[in-house]
Amino acid sequence: MVPLNESFPSAMVREAYEEAGIEPGTIAFYFCSRHLISRPVHEGWMRENTILFNADVSDSFRPHNVDGEVEKFELMTPDDILDRMEAGLFTFESSLSILVGLAAKEGMPTELDLY
């Protein structure tokens with residue numbers, strides 16, 4: 001979530017700490033993509049503007065949630081991730097962000113607008 005008075009990079013640093021325990025200034029984040037999702041949901045209509053950043057972490061890094069919003073972390077191969085997506089174990093928004101992140105790593109286009 002990005003409040004009106006906060007920049008996207010600042011929000012990324014804050015969210016990275018809250019969700020994964022990444023201390024500010026310890027990891028460089030780089031812009032990956034921005035996508036808009038607009039679709040019907042059970043509660044009505046959802047319109048979400050997602051700003052995606054990637055970061056490279058060391059093999060010794062162990063994420064840990066600080067604010068209680070993340071259930072767990074698990075290291076998976078891309079094939080394991082795709083299998084779980086197909087099984088419906090990720091939300092649509094998470095699946096899209098993961099796929100865009102993987103595409104960016106492969107040098108593929110990442111700009112999406114989904115209506």
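Biologist: Which residues make up the largest nonpolar core, and which helix gives the most to this core?
Modeller: This is a predicted model, and its largest nonpolar core has 7 residues, namely Met12, Ala16, Ala20, Ile22, Ile27, Ile51 and Phe53. Helix H1, which covers 8–20, and strand S2, which covers 44–55, each supply at least two residues of this core. The element that gives the most to this core, with 3 residues, is H1.

Biologist: How many residues does the other core have, the one that lies apart from it?
Modeller: In soluble globular proteins, nonpolar side chains tend to be buried together. Here another core lies apart from the largest one, and among its residues are Cys32, Met46, Leu96 and Val100. The number of residues in this other core is 6.

Biologist: With which residues is Met12 in contact, leaving aside its neighbours within four places in sequence?
Modeller: Met12 belongs to the largest nonpolar core, and Phe53 is also listed among the residues of that core. Once the neighbours within four places in sequence are left aside, Met12 is in contact with Phe29 and Phe53.

Biologist: Is Ser95 buried or exposed?
Modeller: Ser95 lies in helix H3, which runs over residues 92–105, and, not counting residues up to four places away in sequence, Ser95 touches Met85 and Phe90. Its relative accessibility is 11%, and the cut-off for buried is under 20%. Ser95 therefore counts as buried.

Biologist: How are helix H2 and H3 arranged, roughly parallel or roughly antiparallel?
Modeller: The axes of helix H2, residues 78–86, and H3 come within 11 Å and cross at roughly 150°. Because angles over 145 degrees count as roughly antiparallel, this crossing makes H2, relative to H3, roughly antiparallel.

Biologist: In the contact of H2 with H3, how many residues are nonpolar, polar and charged?
Modeller: H2 passes H3 in a left-handed crossing. On the H2 side the residues are Ile81, Leu82 and Met85, and these meet Ser95, Ile98 and Leu99 in H3. The residues of this contact divide into 5 nonpolar, 1 polar and no charged.

Biologist: What is the relative accessible area of Asp80?
Modeller: Asp80 lies in helix H2, and the C-alpha atoms of Asp80 and Val57, 23 residues apart along the chain, are separated by 20 Å. Asp80 is partly exposed, and its relative accessible area is 36%.

Biologist: Is Asn54 buried or exposed, and which residues does Asn54 touch, not counting residues up to four places away in sequence?
Modeller: Asn54 has its place in strand S2, and, with a relative accessible area of 12%, Asn54 is buried. Not counting residues up to four places away in sequence, Asn54 touches Ala28, Phe29, Tyr30, Cys32, Gly101 and Ala104.

Biologist: What is the relative accessible area of Ala55?
Modeller: Ala55 also lies in strand S2, and, not counting residues up to four places away in sequence, Ala55 touches Ile27, Ala28, Phe29 and Tyr30. Ala55 is partly exposed, and its relative accessible area is 29%.

Biologist: How far apart are the C-alpha atoms of Ser38 and Thr91?
Modeller: Ser38 lies in strand S1, residues 29–41, and at 10% relative accessibility Ser38 counts as buried. Ser38 and Thr91 are 53 residues apart along the chain, and their C-alpha atoms are separated by 14 Å.

Note on methods: Residues are numbered from 1 along each chain as its sequence is written. This is a predicted model: local features need pLDDT of at least 70, side-chain atom pairs count only at pLDDT 80 or more; totals for chains, interfaces and linings use all residues. Side-chain values use heavy atoms; hydrogens and water are left out. A nonpolar core is a set of buried Ala, Val, Leu, Ile, Met, Phe, Trp, Tyr and Cys residues joined through side-chain atoms within 4.5 Å. Buried means under 20% relative accessible area, exposed over 50%, partly exposed in between (1.4 Å probe, protein chains only). Helices (H or I, at least four residues) and strands (E, at least two) are DSSP runs, numbered from the N terminus. Contact means heavy atoms within 4.5 Å. Axes are lines fitted to C-alpha atoms, for helices over the stretch in contact, and angles run from 0 to 180 degrees between N-to-C directions. Angles under 35 degrees count as roughly parallel, over 145 as roughly antiparallel, 65 to 115 as roughly perpendicular and the rest as oblique. A crossing is left-handed if the near helix is turned anticlockwise from the far one by less than a right angle, and right-handed if clockwise. Ala, Val, Leu, Ile, Met, Phe, Trp, Tyr, Cys and Pro count as nonpolar, Asp, Glu, Lys and Arg as charged, and the others, Gly among them, as polar.
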